[in-house]
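Hi,

Here is the structure I promised to pass on. Have a look at it first, and then read my notes below.

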Amino acid sequence: MNRLPDVAVIFSRFKPILSRRRCLVNMKLVLRLASMVLAAVVLTSAAGDALAQTYPTKYIRVFVPAPAGGGTDILARIIGQKFTEKWGQQVVIENRGGASGTIAAEMAAKSAPDGYNLFMLYSGILTINPSLLKKLPYDPIKDFTPVAIFVQVPNILVVHPSVPAKSVKELIALAKSKPGQLNCASSGIGVSNYMCMELFKSMTGVDWVHIPYKGGAPAMIDLLGGQVQVMFNNLVELVPHIKAGKLRALAVATPKRISAMPDLPTIAEAGVPGYENLLWYGMVAPAGTPKEIINKLSAEILKIQQMPDVKERLNTMGAEPIDFTPEQMDAYIKAEMAKWAKVIKEAGIQPE
Amino acid sequence: MMELINHLILGFGVALTPINLLYCLFGVSIGTLIGVLPGIGPLATIAMLLPLTFNVPAVSALIMLAGIYYGAMYGGSTTSILVNIPGEAASVVTCLDGYQMARQGRAGPALAIAALGSFFAGCVATVIIALFAPPLAEVALKFGPAEYFSLMVLGLVSAAVLAHGSLLKAIAMILLGLLLGLVGTDVNSRVRRFTFGIPDLFDGISFVVIAMGLFAFAEVITNLERKGKRVVLTDVQTLLPTRADLKASWKAVVRGTGLGSLLGILPGGGAIISSFASYTLEKRLAADPSRFGKGAIEGVAGPESANNAGAQSSFIPMLTLGIPSNAVMAVMLGAMMIQGIIPGPQVMTERPHLFWGLIASMWVGNLMLVVINLPLIGIWIRLLTVPYRLLYPAILLFCCIGAYSLSNSSFEVALTAGFGLLGYIFAKLDCEPAPLLLGFILGPMMEEYLLRAMRLSRGDPTVFFTRPISLAMLVAVAFLILMIIAPAVRRKRKEVFHE
């Protein structure tokens, strides 16, 4: 085997020591490290490429902020399986659900940035949690390096058939003519479909009463029963009911129309210009992970998401492939953080 | 009628697939095993096996878990009869006459009548579920948050009334359960309650942790204290009951089945109360009550039929309303939710194969149980002599693995151990932990429905009284409370439990 990657591996092993704040100042160590760093710097460009070429040389750990079996977990396992097929290395999925994904995020943020620790996540962990949670144990910008956004799960605005509104404009007019009378369900404060609702409220000024549920399924029961009349929810849970005529789809919250329902307008098209809410799933690595590895992972993930069998599976999950390169993802996350901070502030939600 | 037959055909189609037959067999075998082994009951076992079912199809998982519950009703009688220790709580009364029969050399007929009575009860209860569940679900489909709230109040109040032992302690345990249920992030306000800043508590305490700690851990600890030798009467000569035995017991079996089916449906009811009530009834109806406690076969036939009928009919409110009538059903409910099924009346219409498959499997399971418990009785008798020093560490280890697998966190294991300790203290204080589990499950649901009903009515509390179904249930609650206060009823309640 090539000698170069070994140097790089040694280098990457020392990095955590170098970055540790309360590192003992030991002249000898400093000298040794300095010579190491020097050697490494000289070799960096060459080593980087070689590193990326041979990566991965051992198993990759992927933190998942949800218990086994949910959507986030399935996506991580699809990617993991394809990594293994491609590179012959095992991918270990580490499920740590709970506390709005912060437990897994903190673990991922503190893991070694060597390319062998990755974090599969959904948008809210980076873009919404900072405005919603008081003590965030991680920094969405400083602690992570974006790898790729590769899947979106569209939220659709539906109403119960008893509601006379046939379009988004009619719904806005109805809600305004009868302030405080319609009920809008969500799967809980802070989740994606709740944010859809708050954004809609802040952009249109409609006045309806929010009814939170613990998850989407119980909300659907009351929505189908007509106890609540309006909801934003994901494709999978809604499609059978839309097809059966038990719910009426008005528009989709994504920036572009979706392939599963090409006739359905976006909310922006249907009367709320500029409205968009993307529930995305993506991958980040702890900050400091070598750029070459990030690029290799990113390219691979965006390739995987286009594979026919993967597309098929995404389809059954109500998800659609989208691509964001690391650079696009970085800019997007920053923009989204600012956007939701404003919406949450305007909605008068106090961080907990 | 035609519809019922079609449903049952669908159900048997599901229950008779090889994989589901296997899960059913596994469930009833485990059920018999833990029923036979004193110290570990169906609740602890189901809680323990729950993490195993995460990757099993929903219907197979439920078939297996249900099998454990009613399987334990069969197995429990064996230990009661042969060792004079109840294999599980619903077989307590079987000790009274069953063991006496065994001492008189009539262990075989006692075992046989217990199994056959259970089988009869199981078959009848299956039909009762098939008959009564659909209309009940029909009504329940009209339920909104107000109705569910009132229903849960009714459930909690009757859980207190029907609980084992002291009423005051039962209420205290329910309240403690409610408090534990509050831990975590509130749905409506996002306020974190009793989390002490520990992220593992932000989503509340997992009920698997509570169930495993309070039941499995605590049961093992308390059993370690039980000294004294187990005297197993292994001398089972003939299993065949005499003609006189059959004649004496068939009426008791029928009565026990009826009583059990009825008490199982009631919120707060289930197997345990059914067996106690049946024993009391048989004793009252007997021409010569003094025979009871000295080996009266009716004293075995009635309660054993009743506990099995009660175990099965308690599935009715769970399956149709999504309301657990007892702690085992609460755990079953949890198993459904883990599978992503929202319990409620829509289960029957949206997942008919699951609903009818489960019901059909009960009949299949009961048939298996007769075979497992009668011709194979010798195996179970030998199992009774397994030393605890091998059994208990295995149970604890299994629990720890299960607790860890909930969220790959050692915090859950520590929490389970903590609840184990708490369960031991409860046992010492004579506090039944089952009402706690009911409070824990129903409390947060009740709060959610209360707030939702109030939000939908825009803050008008009369909504609970203006909707007829809700009003009817609240009237029933008032009636129950009046009954508890009435001294005559209190005395009777005491009598039933102190037989």
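Is the crossing of H3(B) and H4(B) left-handed or right-handed? It is right-handed; a crossing counts as left-handed if the near helix is turned anticlockwise from the far one by less than a right angle, and as right-handed if clockwise.

Before the rest, some housekeeping. This is a predicted model, in which local features need pLDDT of at least 70 and side-chain atom pairs count only at pLDDT 80 or more, while totals for chains, interfaces and linings use all residues. Residues are numbered from 1 along each chain as its sequence is written, and chains are lettered from A and ligands numbered from 1 in the order in which they are written. Helices (H or I, at least four residues) and strands (E, at least two) are DSSP runs, numbered from the N terminus.

Back to the helix pair. Helix H3 (residues 42–49) of chain B packs against helix H4 (residues 58–83) of chain B at an angle of about 160°, and their axes are 9 Å apart. Axes here are lines fitted to C-alpha atoms, for helices over the stretch in contact, and angles run from 0 to 180 degrees between N-to-C directions. H3(B) and H4(B) are therefore roughly antiparallel to each other (under 35 degrees would be roughly parallel, over 145 is roughly antiparallel, 65 to 115 roughly perpendicular, and the rest oblique). B:Pro42, B:Thr45 and B:Ile46 make the contact from H3(B), with B:Leu65, B:Ile68, B:Tyr69 and B:Ala72 on the H4(B) side. Contact means C-beta atoms, placed from the backbone, within 7 Å. Six of these residues are nonpolar, one is polar and none is charged; Ala, Val, Leu, Ile, Met, Phe, Trp, Tyr, Cys and Pro count as nonpolar, Asp, Glu, Lys and Arg as charged, and the others, Gly among them, as polar.

Next, where the chains meet. Chain A puts 23 residues into the contact and chain B 21 residues. On the chain A side, strand E2 (91–95), helix H4 (102–109), strand E7 (209–212) and helix H9 (216–224) each supply at least two residues. That side has eleven nonpolar, eight polar and four charged residues.

E7 also turns up in an open sheet of five strands in chain A, ordered E7-E6-E8-E5-E9 with mixed pairing. Two strands pair if DSSP finds at least two bridges between them. E7 and strand E9 (248–252) of chain A are at the edges with a single partner strand each, so one side of each has no neighbour in the sheet. Strand E6 (residues 183–186) of chain A pairs with E7(A) in the parallel sense over four bridges, and A:Asn183 has A:Val209 as its bridge partner in E7(A).

Then there is strand E4 (residues 144–152) of chain A. Eight of its nine residues are buried, so E4 is largely enclosed by the rest of the structure (buried means 20 or more other C-beta atoms within 10 Å of a residue's own, exposed 12 or fewer, partly exposed in between, with C-beta atoms placed from the backbone). E4(A) runs antiparallel to strand E10 (residues 280–286) of chain A, joined by seven bridges, with A:Phe144 opposite A:Pro286. E10(A) is mostly covered too, with seven of its seven residues buried.

Finally, B:Asp288 is exposed, with 7 other C-beta atoms within 10 Å.

Over to you!

Note on methods. Contact = placed C-beta atoms within 7 Å.
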